[in-house]
Each structure stands twice: as C-alpha cells, then as structure tokens.
Amino acid sequence: MSMVEMAEEESTRRGGVKVFAIHLKLGQLSGVVKDALLFSYEVACQGTALEGSQLIIEEVPVAVYCPNCRAESLLASLQRFCCGTCGALTSEVVRGKELEVVALEIQ
Amino acid sequence: MMSTQPRLVEVRQNVLKQNDLLARELRRRFREAGVSVISLVSSPGSGKTAFLEKALTLLAPEARVAALVGDLATENDAARLARSGAPVRQITTGTICHLDAQMVEHALAGWSLEELDVLFIENVGNLVCPSSYDLGEDLRLVLLSVTEGEDKPLKYPTIFNTADVAVITKIDLAGAVEFDHATAHRNIQSVRPGMRVFEVSAKTGAGMDELLPLLSARPAESEKVLAG
C-alpha cells in the first residue's frame, strides 16, 4: 500500500526512525471508507517497519462554493449538493476529496 | 539528551499521487496524439459492454475507435466487442475492483495512439472504487440502467459527482419496470447539479444519435457540446 511505503521511505530518509503513527486527511468524497482503510492499514503494515503503528484519520466534510453567495459552505448531505445559505444547487466542490498524508509521528 | 517522546513531522502527500502523476502523463500523451478518451463506469450489469458495442459500431465508419475493457476475470467482453471490428484489449485485474492509470498505460503498449480518434476505457463494474482513480480520460460517463432504480445516484453520490455525463441505459425496458424518469433526473441533479443526462437503449439504438456527437468530439469541442 502506497501510504505504508511512503512512511517507510520517510523513516529511512531520517535514518530509520520509528514511525508511531500516520495522520491522514480523508475527504467524504474521496471514495474511500474510513473503516475499510483502518482495516486494510493493519494488514498492509504487517511485516513492515510500520507494524504496530497507528493510522489517525481526520475526516474532512464536503464544502461547496456558491457563486450566488460568493461563499463556501459545508454540505449538509451528500445526497444534495447545494449552498448551505441560499439553497441553490452547486457542484463546485472546494474540499472533501482529500486522501492525503499530512504528518507522521516519529521518534 | 535526545527525547524519546514521539514528535510530529509534517509531510503532506497525496496518497494517490503516483496514480495522479501517471494519469497526467497519459492525458498529455492522449492530447498530443489527438485522441479523445472516454471512460465508462457503472455497477455490474448496467450495460456498459452493450453500450460500448453499439457505440463502437456506430462510430467506426466515421472515426478510428478502440477500446480497453476492464474485468476481474475472463476475456469475454473483449471477444464480444471485437465483433465491431475495432481494436479491443482486455485488462483483467484479478482481485482488484477498479482500473488505475498504470493498468491503462500497460494495456496501451504497442498501440499507436496517433492512429486513433476515440479510445474508450470500460472500467470494472463497481460504483465505489473507480471514483478515486484518474485514468487520464477527457470524459467520464456514468451509466445507470432503468432496472437499477431511480435512487442509485443518491446511494452512490461520489461516483456521480466525479463523472461528467450520466447515461440512463436500457430505456427499452423503462415501461416494464415502471421507471420514473423525472425522479431519476432529479436525483442525478441533486448529487451533481448541471450534469448532462442522456437516455439510451443499446438494443434498439434509441437515443444513441444524441450522444454520438459528444463521443466523437475532440476534447475541446466536447466541453462546448456539454455547455450547449
């Protein structure tokens, strides 16, 4: 899994330090489910330098931009892409597609 | 003395960076060769292959078309599509539930992109995982058959949100399953406001004429077709 490889590389680059945790931003629109990711993370870590490390996920809600209000708002429901203020439909997603490693906890 | 307490270091790396970079490179190659690339996503059994078979047959007299088809197993789809006369290659993914940019790149080996006008990429039947993977395509079509129910877009908003155009398939069966057109359209607009929607039957050919200009358009033109 690319996330584990990435953390291993970073660990090697820093002289083989131990990685305790990976911090990940996960958007609601990333197409990845948190529980599935947590489960596969454990499996992917087995037999690597990251075995026993933790995956800490920060979920990012979907934010859309409304051209009418010229403002961002959080989406109340993934079933309805509309502005939180005026209710107009909008498909301009500004946040919520993230699948991004933001930090590592190392020794 | 060095602290043994864990410390936090910032990294900021997109997990799918490798795929995104490869997809960007593919897109550059496609543009340079002047081939427009259209991917198809849907649940299993929505009629991607039947739709593709019809599209290849209708486009073949006018344009140089080819297709890559993804499946977990079997070469059945490639064999079926080859009847259209277009070059077709099967990508069997084994246990992987989606295509990624690297699989597409490998499958293109030996093909001269300059000799093509339109390349179709049929993804593995799945409405979840394919949404995360950019394949370098210009246009992503999401297919929804009338037999699946009008609320499919609400159940899988992510894939509808990452697609450019929705195609409702098997409309020849709409009456038999009492398909509610208005609700289906409303649900699509709710998860992807402004999305263009086409209704087709690959079996009877109904609605294909309206869709063909979009499929055979060059990438820059297809934006105009979509806007108009």
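Colleague: How are the parts named, and what limits apply to a predicted model?

Modeller: Residues are numbered from 1 along each chain as its sequence is written, and chains are lettered from A, with ligands numbered from 1, in the order in which they are written. In this predicted model, local features need pLDDT of at least 70 and side-chain atom pairs count only at pLDDT 80 or more, while totals for chains, interfaces and linings use all residues.

Colleague: What is the mean pLDDT of chain B?

Modeller: pLDDT is the predictor's confidence in each residue, from 0 to 100. The mean for chain B is 92, and 94% of its residues reach 70 or more. The model scores ipTM 0.79 and pTM 0.88.

Colleague: Why is the radius of gyration of chain B said to agree with that of a compact globule?

Modeller: The radius of gyration is taken over C-alpha atoms, and the globule rule is 2.2 Å times the number of residues to the power 0.38. For 228 residues the rule gives a value near 17 Å; chain B has 19 Å, which therefore agrees. Along the principal axes, the C-alpha atoms of chain B fill a box of roughly 80 × 45 × 40 Å.

Colleague: Which secondary structure elements does chain B have?

Modeller: Chain B has nine helices and eight strands. Helices (H or I, at least four residues) and strands (E, at least two) are DSSP runs, numbered from the N terminus.

Colleague: What makes strand β6 of chain B mostly covered?

Modeller: A residue is buried if 20 or more other C-beta atoms lie within 10 Å of its own, exposed if 12 or fewer, and partly exposed in between, with C-beta atoms placed from the backbone. In β6(B), residues 139-145, seven of its seven residues are buried. Leu139(B), Leu141(B), Leu143(B) and Ser145(B) point one way, whereas Arg140(B), Val142(B) and Leu144(B) point the other way. In a regular strand the side chains alternate between the two faces of the sheet. For chain B as a whole, 46% of the 228 residues count as buried.

Colleague: How do you know that β6(B) pairs with β7(B)?

Modeller: Two strands pair if DSSP finds at least two bridges between them. Between β6(B) and β7(B), residues 165-169, there are five bridges, in the parallel sense. Val142(B) stands opposite Ala166(B) there. β6(B) also pairs in the parallel sense with β2(B), residues 36-41, over four bridges, and Ser39(B) has Arg140(B) as its bridge partner.

Colleague: What makes Leu78(A) partly exposed?

Modeller: Leu78(A) has 18 other C-beta atoms within 10 Å, so it is partly exposed. Its place is the loop between β4 (71-74) and β5 (93-95) of chain A. Two residues are in contact if their C-beta atoms, placed from the backbone, lie within 7 Å. Neighbours within four places in sequence aside, Leu78(A) is in contact with Gln28(A), Val62(A) and Pro157(B).

Colleague: How many residues of each chain are in contact with the other chain?

Modeller: On chain B there are 27 residues in contact with 25 residues of chain A. The elements of chain B that give two or more residues to this side are β1 (7-14), α6 (157-162) and α7 (181-191). β1(B) gives the most, with eight residues.

Colleague: How do you know that β1(B) pairs with strand β6 of chain A?

Modeller: Six bridges join β6(A), residues 99-106, to β1(B), and the two strands run antiparallel. Leu104(A) stands opposite Val9(B).
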